[in-house]
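Trainee: I have a structure to go through. Can we take it piece by piece?

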Amino acid sequence: MSESYILILGAGLMQRPSIEAARELGYKSLVVDGNPYALCAGFADRFEPVDLKDKEGLVNLARSLGKDLAAVFTAGTDFSASVSYVAEHCGLHAHSYEAACNASDKTRMRSCFAAAGVPSPSFCRITKEELPTFLSPEKLASLRFPKVVKPVDNMGARGCRLIRDASEFAGALTDAVAYSRSGTAILEDYMAGPEFSIDALVFDGTLTITGFADRHIFYEPYFIEMGHTMPSSIDEGKRRELIQCFAKGIQALGLRHGVAKADIKYTAKGPMIGEIAARLSGGYMSGWTYPYASGLFLTKEAMLLALGKKPEELLSRRVPVEGLDAPFAVYDVPCGKTCAERAWISIPGKVQDVLCLQQAKDEPFVRDVLPRVRAGEAVDFPRNNVEKCGNCLALAADRELAAQAAEKAVSSIILRLKANERRTEDFLFGKEKAGERSFPPDAYTLSDGQLAALMAVLREVPRIGRNVPVSFLWAEHIADFADNVKDFNHRSLTESLDAFDEICPLHTELDSFEFWKKLLRGGLQGIVYYADCMASAEETV
């Protein structure tokens, strides 16, 4: 192994592939993170607790290595500008600092797009000091909804929210400013349409697509990515339009040597860019799903650019994308298989136990089960992408098979919540926060006819006897829809009832109407919580 180091910004799970890539290339990893207890801190050859916003501190650390510093790199963080700052001060390879700043601040980004005629939403910039003006009745009356508000300098959909009408404006704007490191938000027109993530490497006047995925976004007014599927199923014509728009956006930002990543939509007006970042994707795309689907270790190829070397494997495998009106020669490294990533989430509460992780891992075609929460930790219905509870990844030659495998794994995992928790009670009784109309959603939604059929049988069986299995009580009456209606963790009504019998074979007498109210509102978690609360109440009598 070389005695030279690659300086890697970030020591979380998303940075693990970067540390592995450095090692595979024969370099030592010097990993920095403001959190000395970050997950991968102990995985590095050397770790230093440095705030990733502290550009001068990073430069001083880099310079202390002298000739032993070979490159600076990040993936899955929001600090590509810090990477470029260090690179410029130390004579290393990266996008220019100016370009990286263009790709880090969303208002600068939108301004670059507007100047170059690249399709993106109309916008305005709002600072913390300007909040009172924007919250005035006069300003509010001048706005047309829907709008989207987000911090200019954060990731993971933190503080990002759809504003459906004037009643949601104040709370959403205040939250977005609070989530911004600079106290600045961007307010923009809403883009309707399917969303995609694209990764690419930019160098020597070429653009090589290294991952094109469908993003699965849910739960207005927030934008929660419940998974992605690689490669995309979009038709080839629209795919080429999106790549062409992406290339023009890269040109507008000035990105010339390194990585570019887009979140982009196909709207009624055609492609429109949500954002372009000067880093590899987080959310398992660049470090997991694309390498699985393509067989190319993308992080290593990107790191070779940071080292000033040629990404030879990428060069040998890429194929030209012809006929585009693009400022680069465009190539693609296609995927031979499909990788599906799906998240699991929770209703609010505190985790008592995490069940069936091994069962999820044992599902056919599943490659990874990556939990994010443990017993004793608080959970909530996610309002951003860092509040999800875990992720499952599946790989198969067939797209439908990969998606089904990932969803089956997710549906196997159960977070049992602690009984008698106020936040869980508030959720199950439908209590909403100000400005969050119809959020969080119900676990299951039945049609009027389905609900009428259910209510009829509940009137016939108003009580569930002590220790009576529930999976057969209503089976014939809900058979038409029990296997088709799914909750937010891909679990059908039948699967929830079967799982309840396995988890709670011994339970008190239960009220059938309350049982089903908890099931429709909170899914399997809701009915297990209800049974646990009833058992707790019986023990105290």
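This is a predicted model: local features need pLDDT of at least 70, side-chain atom pairs count only at pLDDT 80 or more; totals for chains, interfaces and linings use all residues.

Trainee: How many of the nine residues of strand E9 are buried?

Mentor: E9 spans residues 195-203. On one side sit Glu195, Ser197, Asp199, Leu201 and Phe203, all buried.

Trainee: Which residue in E10 is the bridge partner of Phe203?

Mentor: E9 pairs with strand E10, residues 206-218, in the antiparallel sense over eight bridges. The two strands form a hairpin with two residues between them. Asp204 lies in that turn, with a positive phi of about 50 degrees. The bridge partner of Phe203 is Thr206.

Trainee: Which residue in E12 stands opposite Ile198?

Mentor: Strand E12 covers residues 258-267. E9 and E12 pair in the antiparallel sense over eight bridges. Opposite Ile198 stands Ala262.

Trainee: Which strands are the edges of the open sheet of three strands?

Mentor: The order in that sheet is E19-E17-E21, with antiparallel pairing. The edge strands each pair on one side only: E19 (378-379) and E21 (414-417).

Trainee: Which residue in E19 is the bridge partner of Gly349?

Mentor: Strand E17 runs over residues 349-355. E17 and E19 pair in the antiparallel sense over two bridges. The bridge partner of Gly349 is Val379.

Trainee: How far from Asp368 is the nearest side chain of opposite charge?

Mentor: Asp368 lies in strand E18, residues 366-371. Asp368 is buried yet has no salt bridge; the cut-off for one is 4 Å. The nearest side chain of opposite charge belongs to Arg16, at 5.5 Å.

Trainee: Which side chain makes a polar contact with the side chain of Asp368?

Mentor: Leave aside neighbours within four places in sequence. Asp368 is then in contact with Trp288, Tyr292, Asn391, Cys392 and Leu393. The polar contact, at 2.4 Å, is with the side chain of Tyr292.

Trainee: Does Asp153 count as buried or exposed?

Mentor: Asp153 lies in the loop between strand E6 (147-151) and strand E7 (161-163). Its relative accessibility is 10%. Buried means under 20%, so Asp153 counts as buried.

Trainee: What is the length of the polar contact that joins the side chains of Asp153 and Ser182?

Mentor: Not counting residues up to four places away in sequence, Asp153 touches Asp78, Ser104, Lys106, Ser180, Arg181 and Ser182. Its side chain and that of Ser182 are joined by a polar contact of 2.9 Å.

Trainee: How many of the 11 residues of helix H3 are buried?

Mentor: H3 covers residues 80-90. Its buried residues are Ser80, Ala81, Ser82, Val83, Ser84, Tyr85, Val86 and Ala87. What covers them includes strand E1 (5-9), helix H2 (55-64), strand E4 (69-74) and helix H4 (97-102). H3 is therefore largely enclosed by the rest of the structure, with a count of eight of the 11.

Trainee: Which residue with a positive phi follows H3?

Mentor: Look just past the end of the helix. The phi there is positive, near 70 degrees, and the residue is Gly91.

Terms used. Residues are numbered from 1 along each chain as its sequence is written. Side-chain values use heavy atoms; hydrogens and water are left out. Buried means under 20% relative accessible area, exposed over 50%, partly exposed in between (1.4 Å probe, protein chains only). Helices (H or I, at least four residues) and strands (E, at least two) are DSSP runs, numbered from the N terminus. Two strands pair if DSSP finds at least two bridges between them. Lys and Arg count as positive and Asp and Glu as negative; His and the chain ends are not counted. A polar contact is a pair of N or O atoms within 3.5 Å; within protein, one must be able to donate a hydrogen and the other to accept it, and residues adjacent in sequence count only if both atoms are side-chain atoms. Contact means heavy atoms within 4.5 Å.
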